[in-house]
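Welcome! Let's walk through this structure together, one question at a time.

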Amino acid sequence: MRKVLAFDLGGTKIAFGVVAEDGSVLKSDRVETVASKGPAQAIERAVEGAKKLLQELNLKPIDLLGIGIASPGPLDISRGCVDGSPNLPGWSGYSIEGEISKAFGLPARIDNDANAAALGEYLFGAGRGKRNLVYVTISTGIGGGVIVDGKLMRGANGNAAELGHLTLDIKGPPCPCGGNGCYEVMASGTAIARRTREALAAGASSKILTLAGSVDAVTTHHVLQALAEKDALAVKIWDETTEYLGRGLAVIINTFNPEMIVVGGGVTAAGDVLFTPMRTKALKYAFPRLAAVCTIVPAGLGGDVGVVGAAACAFEAAQKN
Ligand SMILES: [Zn+2]
């Protein structure tokens with residue numbers, strides 16, 4: 001079976017692995033990024049780790065089709081590097097793609113991590129066979145990737161589908177992107193915790209405070225714990241959250257007319273308590289004709305999505321060559 005090497009870059013860790021063409025991860029490992037010490041040391045250690053994996057699998061670079069790299073955006077695709085990525089400060093201009101390609105003597109392809117995840121879910125995950133698919137990840141931020149007519153939409157310079165920055169409220173809180181009330185500023189895990197802390201600081205009484213210990217320690221997890229006990233503030237916060245999430249998904253449905261929206265990311269661990277209201281609201285706010293053909297499902301790749309997504313980019317690139 002054909003195989004590729006895949007790297008999933010993040011602000012705290014770099015995961016890497018050898019992935020077969022059925023999407024199975026043959027072997028994987030990770031190193032700490034230590035992003036503040038710059039790209040060279042991190043990429044060097046990740047390359048070393050990946051070489052060790054190849055040895056353990058008794059593989060040589062020549063046995064591989066190529067290399068896929070998933071990275072936080074924004075990216076400068078023409079130079080194979082990040083360009084002002086908040087998760088990798090100081091890394092702009094260093095050709096991650098070029099250095100990794102050189103280390104193995106193989107073609108490499110870098111893509112935005114959420115776009116790579118979309119391709120991964122399309123080829124190997126929950127979206128197999130769906131030619132029009134949107135992937136949305138809800139975690140500390142909100143990211144997205146779009147498959148149109150069976151192809152990943154990369155856009156004019158590789159940065160398409162920054163769905164986390166759809167404006168939901170022009171009077172909303174500021175977003176690091178420079179906008180206000182972006183989808184991720186209203187509805188990400190970080191936003192859920194922030195809105196809850198604001199309500200508590202304004203004097204709302206709730207079990208959430210007891211569960212968290214202090215206002216500053218509140219996370220989405222505490223909100224969900226209190227929600228299970230029908231705590232009034234948790235119910236209100238969660239209702240607002242699924243309202244924002246549903247509104248955003250409705251915009252996505254109306255824009256891309258997908259057959260399926262695959263939703264991943266840490267917040268989706270909430271399960272039905274998230275999916276049921278979010279789905280109902282999304283389909284209610286979208287045009288009925290578009291809503292009628294769209295299903296909204298949990299991601300299929302779980303914790304492997306980063307590495308498998310990067311691998312999907314490598315398989316796609318190899319197909320074109
Ligand atoms: Zn924004």
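Q: What spacing do the donors of the zinc ion follow along the chain?
A: This is a predicted model, and in it the protein donors of the zinc ion are His165 (ND1), Cys175 (SG), Cys177 (SG) and Cys182 (SG). Along the chain, their spacing reads H-x9-C-x1-C-x4-C.

Q: Which arrangement do the four donor atoms make around the zinc ion?
A: The angles they subtend run from 105 to 121 degrees. Four donors count as tetrahedral if all angles lie between 85 and 135 degrees. The arrangement is therefore tetrahedral.

Q: Is His165 buried, partly exposed or exposed?
A: The relative accessible area of His165 is 26%. Buried would mean under 20% and exposed over 50%. His165 therefore counts as partly exposed.

Q: Where is Pro86 found, and is it buried or exposed?
A: Pro86 is found in the loop between strand S6 (81–82) and helix H2 (96–104). Its relative accessible area is 65%, and exposed means over 50%. Pro86 is therefore exposed.

Q: Which kind of aromatic pair do Phe124 and Phe315 form?
A: A pair of aromatic rings is described by the distance of the centres and the angle of the planes. The count of aromatic pairs here comes to three. Phe7 and Phe16 form one that is tilted, at 6.1 Å centre to centre and 40 degrees between the planes. For Phe124 and Phe315 the values are 6.2 Å and 75 degrees, and the pair is edge-to-face.

Q: How many residues apart are Phe124 and Phe315?
A: Phe124 belongs to helix H3 (residues 113–124) and Phe315 to helix H11 (residues 305–320). Phe124 is buried at 13% relative accessibility, and Phe315 is buried with a relative accessible area of 8%. The pair links distant parts of the chain, and the separation is 191 residues.

Q: Over which ring does the charged end of Lys51 sit?
A: One aromatic cluster is formed by Phe7, Phe16 and Phe104. The charged end of Lys51 is 5.6 Å from the centre of a ring, and that ring belongs to Phe104.

Q: Is strand S11 (residues 260–264) largely enclosed by the rest of the structure or open to the outside?
A: Met260, Val262 and Gly264 are buried on one side of S11, and Ile261 and Val263 are buried on the other. Five of the five residues of S11 are buried, so the strand is largely enclosed by the rest of the structure.

Q: How many bridges join S11 to strand S12 (residues 295–298)?
A: S11 pairs with strand S8 (residues 133–138) in the parallel sense over five bridges, with Thr137 opposite Gly264. S11 and S12 also run parallel, and there Ile261 stands opposite Ile296. The number of bridges joining S11 to S12 is four.

Terms used: Residues are numbered from 1 along each chain as its sequence is written. This is a predicted model: local features need pLDDT of at least 70, side-chain atom pairs count only at pLDDT 80 or more; totals for chains, interfaces and linings use all residues. Side-chain values use heavy atoms; hydrogens and water are left out. Helices (H or I, at least four residues) and strands (E, at least two) are DSSP runs, numbered from the N terminus. Buried means under 20% relative accessible area, exposed over 50%, partly exposed in between (1.4 Å probe, protein chains only). Donors are N, O and S atoms within 2.8 Å of the metal (3.2 Å for Na, K and Ca); water is not among the atoms, so sites may look incomplete. Four donors count as tetrahedral if all angles lie between 85 and 135 degrees; four count as square planar and six as octahedral if opposite donors are over 155 degrees apart and all others between 65 and 115; anything else is irregular. Rings of Phe, Tyr and Trp (its six-membered ring) pair if their centres lie within 6.5 Å; planes under 30 degrees apart count as stacked, over 60 as edge-to-face and the rest as tilted. A charge sits over a ring if NZ of Lys or CZ of Arg is within 6 Å of the ring centre and within 35 degrees of the ring normal. Two strands pair if DSSP finds at least two bridges between them.
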